[in-house]
Amino acid sequence: MTQKGTTFHALPMSEEHAAEICTWQYEPPYNIYGWLPWEQMKALEIEFGDPELRATQYLSIVNDAGELYGFAQLFPLTGVTRLGLGMRPDLCGQGMGTSFVNSIVQEAAVRNPQNDIDLEVLTWNKRAIRTYEKAGFAIHDTYERLTPEGPKLFFCMVFEGAKLK
C-alpha cells in the first residue's frame, strides 16, 4: 500500500532497477516517456544502458523498504544540474509527486551545491508542471526540441524554492 507520507531515498541505479524501469508502460499521452527494452538499451549503450552513464548520472528513487518508485538523472551542465525524472506509472497521480521531486532536488543540491537546478517538461504535461511548481520550480523559458515524435514545445523550469541544506 502506498501513501502520501512516503519517504524517498536516492540510490545509485542498479542494473536490476534499470531493467525494471524499461518494463514500465505509461498510458497515452504519457507513453512518450517509455524506454526501449532493457536488452536494447544495454546493446546500444544509451542512457542508463551505458554502465558509466548509469553510475555517474542515474539514481533509483526508493521508499524506506527499498521499493522502486522512480528514477532520476542528474545531468551536468556548466553551473547547472538538469534533472530528468520519472515515477513508476502506477504511482502517478497519487499525491506523492511533490515529495518525490523534492527528494531528487535535495540529492542534486547535496552533490553540487553551487549549481542551479532546472528541468525540461513538455508544455502539454500539466500534471507534471503543477507538481514541479509545488516543489519550487518556475517556468523560465519556452522552446522547441526534437523528440521521437517530431518537434515539440518544452518549458525550462528552474528551481527557486527554499535553498536546501
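## Charges over rings

A charge is taken to sit over a ring if NZ of Lys or CZ of Arg is within 6 Å of the ring centre and within 35 degrees of the ring normal. In this predicted model, in which local features need pLDDT of at least 70, side-chain atom pairs count only at pLDDT 80 or more, while totals for chains, interfaces and linings use all residues. Residues are numbered from 1 along each chain as its sequence is written, and side-chain values use heavy atoms, with hydrogens and water left out.

The charged end of Arg 145 lies over the ring of Phe 154, at 4.7 Å from the ring centre. Arg 88 is likewise placed over the face of Tyr 69, where the distance to the ring centre is 5.7 Å.

## Aromatic pairs

Rings of Phe, Tyr and Trp (its six-membered ring) are paired if their centres lie within 6.5 Å, and planes under 30 degrees apart count as stacked, over 60 as edge-to-face and the rest as tilted. The whole structure holds 12 aromatic pairs by this search. Phe 8 and Phe 100 form an edge-to-face pair, because their ring centres are 5.5 Å apart and their planes stand at 85°. This pair links distant parts of the chain, since Phe 8 belongs to the segment before strand 1 (9–12) and Phe 100 to helix 4, 92 residues apart; helices (H or I, at least four residues) and strands (E, at least two) are DSSP runs, numbered from the N terminus. Both Phe 8 and Phe 100 are buried, where buried means under 20% relative accessible area, exposed over 50%, and partly exposed in between (1.4 Å probe, protein chains only).

Trp 35 and Phe 71 make an edge-to-face pair, with 5.8 Å from centre to centre and 70° between the planes. Trp 35 is in the loop between helix 1 (15–21) and helix 2 (38–44) and Phe 71 is in strand 3, so the pair ties together parts that are 36 residues apart in sequence. Trp 35 counts as partly exposed at 26% relative accessibility, whereas Phe 71 is buried, with a relative accessible area of 7%. Ring pairs also link Trp 35 and Phe 71 into a cluster with Trp 24, Trp 38, Phe 48 and Tyr 58.

## Polar contacts of Arg 82

Arg 82 is placed in strand 4. Its side chain is joined to that of Asp 118 by a polar contact of 2.9 Å, and a polar contact of 3.4 Å joins the side chains of Arg 82 and Glu 120. A polar contact is a pair of N or O atoms within 3.5 Å; within protein, one must be able to donate a hydrogen and the other to accept it, and residues adjacent in sequence count only if both atoms are side-chain atoms.

## Backbone features

Most residues other than glycine have a negative phi, and most peptide bonds are trans. A cis peptide bond, with omega about 5°, joins Pro 28 and Pro 29, and Pro 29 lies in the loop between helix 1 and helix 2.

Glu 45, in the loop between helix 2 and helix 3, has a positive phi near 50°. Glu 47 is also found in the loop between helix 2 and helix 3, and its phi is positive, near 45°. With a relative accessible area of 32%, Glu 47 is partly exposed.
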